[in-house]
Structure formats: structure tokens, C-alpha cells
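Here's a quick walk through a fold, written for someone with the model open on screen. Have the sequence and the 3D view side by side before you start.

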Amino acid sequence: MSDDIKTIQPDELEAKLENEDSIDLIDVREDEEIAQGKIPQAKHIRLSELPERYQELDTDKSYAVICRSGRRSHKACEFLEEKGLDVRNMVGGMLKWQGHVE
């Protein structure tokens, strides 16, 4: 994995959400993983769908990208950064998330 992708720690992201800081979430996990719980504010776009759906995202916004452990979200960040989006990979993914899920 390249080291030039920006990251965000799960507790840092949780604090941003509580403070209503302007960061949007993208969850790139599969449907069955989402069924086990996702962060309520997260937009679900499977990693495999990103090439077709990244235009749904606003280049003026900042995004935190989430998966189970941080590997797929890192790949998603690489792709989205190439497309000109401001993205951060949530370190450790949902395995490290302590906040609310739905």
C-alpha cells in the first residue's frame, strides 16, 4: 500500500460526526457486511461499483472511506483521489469503529 493516502482514526471520525464537521462517509463493503451494521451517515457504494458511481460524489466535499479492515477502503481512496476527490481512509475499518451503527 502506498503511504500517500490520507487517513483518519475511527475516534477522530466519530468526533467529527458528533461535532457535525463537514465530512461525508462512503462505505465500500459488500451488502452482507452492511447488513451487520453501518455508520448511519455512510453512503453505501460497493468497491466494485465505484468506477460507475464515483460521479455521484461531490468534488467540493471531503470524504472518509470505510470498509471492514481498511484494505478495500485504501484501494477506494487511491481510485477516488485519482478522480480529484478529497478522501481519507478510516484506519482499521469497522473492526476498530466504536461508534453507533444501524
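## Starting from Leu80

Leaving aside its neighbours within four places in sequence, which residues is Leu80 in contact with? They are Ile26, Leu50, Tyr54, Leu57, Val65, Leu85 and Val87, where contact means heavy atoms within 4.5 Å.

A word on ground rules. This is a predicted model, so local features need pLDDT of at least 70 and side-chain atom pairs count only at pLDDT 80 or more, while totals for chains, interfaces and linings use all residues. Residues are numbered from 1 along each chain as its sequence is written, and side-chain values use heavy atoms, with hydrogens and water left out.

## The sheet

Five strands make an open sheet in the order β1-β5-β4-β2-β3, and the pairing is parallel. At the edges stand β1 and β3 (42-44), each with a single partner strand, so one side of each has no neighbour in the sheet. Two strands count as paired if DSSP finds at least two bridges between them; helices (H or I, at least four residues) and strands (E, at least two) are DSSP runs, numbered from the N terminus.

Take β2 and β4: they pair in the parallel sense over four bridges. Asp24 stands opposite Tyr63 in β4.

## Helix α4 and the cores

Helix α4 (residues 71-82) lies across β2, β4 and β5, and runs at about 170 degrees to β5. That angle is taken between N-to-C directions on a scale from 0 to 180 degrees, with axes as lines fitted to C-alpha atoms, for helices over the stretch in contact. Phe79 is found in α4 and, neighbours within four places in sequence aside, is in contact with Leu50, Pro51 and Tyr54. The C-alpha atoms of Phe79 and Leu47 are 9.9 Å apart, though the two residues are separated by 32 residues along the chain.

The largest nonpolar core has 15 residues, and those with the most contacts inside it are Ile26, Val28, Leu57, Val65, Leu80 and Val87. The elements giving two or more residues to this core are β4 and α4, and α4 supplies the largest share, three residues. Apart from it lies another core of 12 residues, among them Ile8, Leu17, Ile39 and Ala64. A nonpolar core here is a set of buried Ala, Val, Leu, Ile, Met, Phe, Trp, Tyr and Cys residues joined through side-chain atoms within 4.5 Å. Buried means under 20% relative accessible area, exposed over 50%, and partly exposed in between (1.4 Å probe, protein chains only).

## Helix α1 and what follows

In helix α1 (residues 10-18), the buried residues are Pro10, Leu13 and Leu17. They sit on the same side of α1 because they cover an arc of only 60 degrees around the axis, going by the directions from the helix axis to the C-beta atoms. These buried residues pack against β1 (7-8), β2 (24-27), β4 (62-66), β5 (86-90) and α5 (93-96). The face turned away from the buried side carries the exposed residues Asp11 and Glu18.

Glu20 lies in the loop between α1 and β2, and is exposed at 72% relative accessibility. Its phi is near 55 degrees, a positive value in a residue other than glycine. Most residues other than glycine have a negative phi.

## A buried arginine

Arg29 lies in the loop between β2 and α2 (31-34). Is Arg29 buried or exposed? Arg29 is buried, with a relative accessible area of 5%. Its contacts, neighbours within four places in sequence aside, include His44, Arg46, Arg68, Arg72 and Met94.
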